[in-house]
Amino acid sequence: MIERLSNYVAGQWQAGTGAGTPLVDPVLGNELVRVDATGLDLAAAFAYAREQGGKALRALSYRQRAAILADVVKVLQANRDAYEEIATANSGTVKNDSAVDIDGGVYTLSTYARLGVGLGDRRFLIDGEPASLGKEALFQSQHVMVPTRGLALFINAFNFPSWGLWEKAAPALLSGVPVVIKPATATAWLTQRMVKDVVDSGLLPPGALSVVCGSSAGLLDALEPFDVLSFTGSAETAQLIRSHAAVAQRSVRVNIEADSLNSALLLEGAVAGDAAFELLVKEVAREMTQKSGQKCTAIRRVFVPEALYGAVAEAISARLGKTSVGNPRNESVRMGALVNRAQLDAVRAGLATLLSQAEALHDGAKHALVDADPAVACCVGPTLLGTRAADAADRVHDTEVFGPVATLMPYRDAGHALALIQRGQGSLAVSIYGSDAAALGATALELAAGHGRVHVVSPDVAAMHTGHGNVMPQSLHGGPGRAGGGEELGGARALNFYHRRAAIQASTSVLSPMVG
Ligand code: NAP
């Protein structure tokens, strides 16, 4: 008997009334569980979250909410083994890749728990200094940030069922805003299980955390003006969301994290085999294979000085050749599966598109699968593509293949490299490799306008840099243009999205005690 996962809304576990959608093991091909959100009264569910959850959360101070988050961390840590099992079965990821999602989520949550302690016993945030509005200092304007009186709806992508939940829920709950999470159907199990453990713990007030597993139908219709919506997923779905009446007419605040053609850049001056060269090679190979390249931040385009094209191609290919691909339950396997057959098909189609303008320098199709049936398993080896015609290869700058695929390209000079990177139309992350601190700093500033995060790797930080694709809660996540234009994390900055800013104009006799 296949388990049907329940939804948690309006303070109750509720099963859908439809047949449900099966979640499948991408390596073995068997059905695991079913999800179904048919027939839920979403208007009532959202009203409960706003009224019960929001009110109870806002009654607490930042410090009290932070203490709850710290306890939630303990609940998640206590159940970690179950999460790893679910990730292996449903996402087909090896232990290290499951950890990126599971532990990354828990670390982000614990970071906000610590940050919240510093916000103290307040129930609102002060924004800036008071400003006199006239000649007399008596009448002033003070900006404040108060938690929004709506809920936060999260519509997430399939690739981070744990991290995607907690990187959004941590700042929302800390802000005093109730959360409704709608995970991507393909991997909803892990999100649902984590929510279940937290709900069962009784740590959060009723209505503070809800989960809807299954179709997104009706979710946006149920949003009201003070709600906020944070979406992570493809550019196509993002476009639908932006044009929905909730956003276009009811002004629901929306944050979009979409796809991205992230780059890695080896600066001029590097020579084959030197420290910067080796750091780039290692990072590109890691980014291509971690989570089978299913990371929004993964390196998709690699730019190197013309003279080093051949050497870099060889060095990355040599690393990729050592990557064993297949069943994540086999200890010798380093890279597991794509999430499902649809993704496998999409990766193959994307590769075919890129191969019309690039050649395979390392062909992933030649990797024999370990412990996995190629007719069933959604596994694919890593493919490094390359083209010397970087200017003409428009598809390479605009097709995101969401799998273990990257394209190597040579550049003539620094200006050419920057222009090629810019053709990604705005990305989440770029990494720069070199040994000249001044050149690294200048290039970072040049690239900052087009990227949410610029990751600079010089030999002195070789052993301690956090990785091109790793999203650290201390740093901004999001990118301009094609990447969706969103902003998440970045420490306390994340709280802005869940607060409303207002200017209070009043006598200092009113403002002074209020501000404290
Ligand atoms: P997707 O197909 O756009 O789905 C994302 C989410 O939107 C899922 O929960 C999906 O639900 C839901 N959805 C689908 N149609 C919808 C609609 N009409 N209205 C409202 N919600 C709808 O994306 P994906 O395939 O899961 O994720 C892969 C993409 O996400 C890649 O392009 C990747 O770059 C991007 N991504 C970006 C980030 C980032 O932080 N920038 C992070 C991870 C992934 P169902 O699953 O039920 O269809």
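Tutor: Let us begin with pairing: two strands pair if DSSP finds at least two bridges between them, and strands (E, at least two residues) and helices (H or I, at least four) are DSSP runs numbered from the N terminus. E4 and E5 form a hairpin with six residues between them, and in the turn Gly29 has a positive phi of about 85°. This is a predicted model, in which local features need pLDDT of at least 70 and side-chain atom pairs count only at pLDDT 80 or more, while totals for chains, interfaces and linings use all residues. Residues are numbered from 1 along each chain as its sequence is written, and side-chain values use heavy atoms, with hydrogens and water left out.

Student: How do you know that E4 and E5 are paired?

Tutor: Four bridges join E4 to strand E5 (residues 31-35), whereas the definition asks for at least two, so the pair qualifies. The two strands run antiparallel, with Thr21 opposite Val35 and Val24 opposite Glu31.

Student: What makes the pairing of the sheet mixed?

Tutor: The three strands form an open sheet in the order E1-E5-E4. E1 and E5 are joined by three bridges and run parallel, with Arg4 opposite Arg34, while E4 and E5 run antiparallel.

Student: Why are E1 and E4 called edge strands?

Tutor: Strand E1 (3-5) and strand E4 (21-24) each pair on one side only.

Student: What lies across these strands, and at what angle to E5?

Tutor: Helix H6 (residues 188-201) lies across E1, E4 and E5, running at about 65° to E5; the angle, on a scale from 0 to 180 degrees, is taken between N-to-C directions of axes fitted to C-alpha atoms, for helices over the stretch in contact, where contact means heavy atoms within 4.5 Å.
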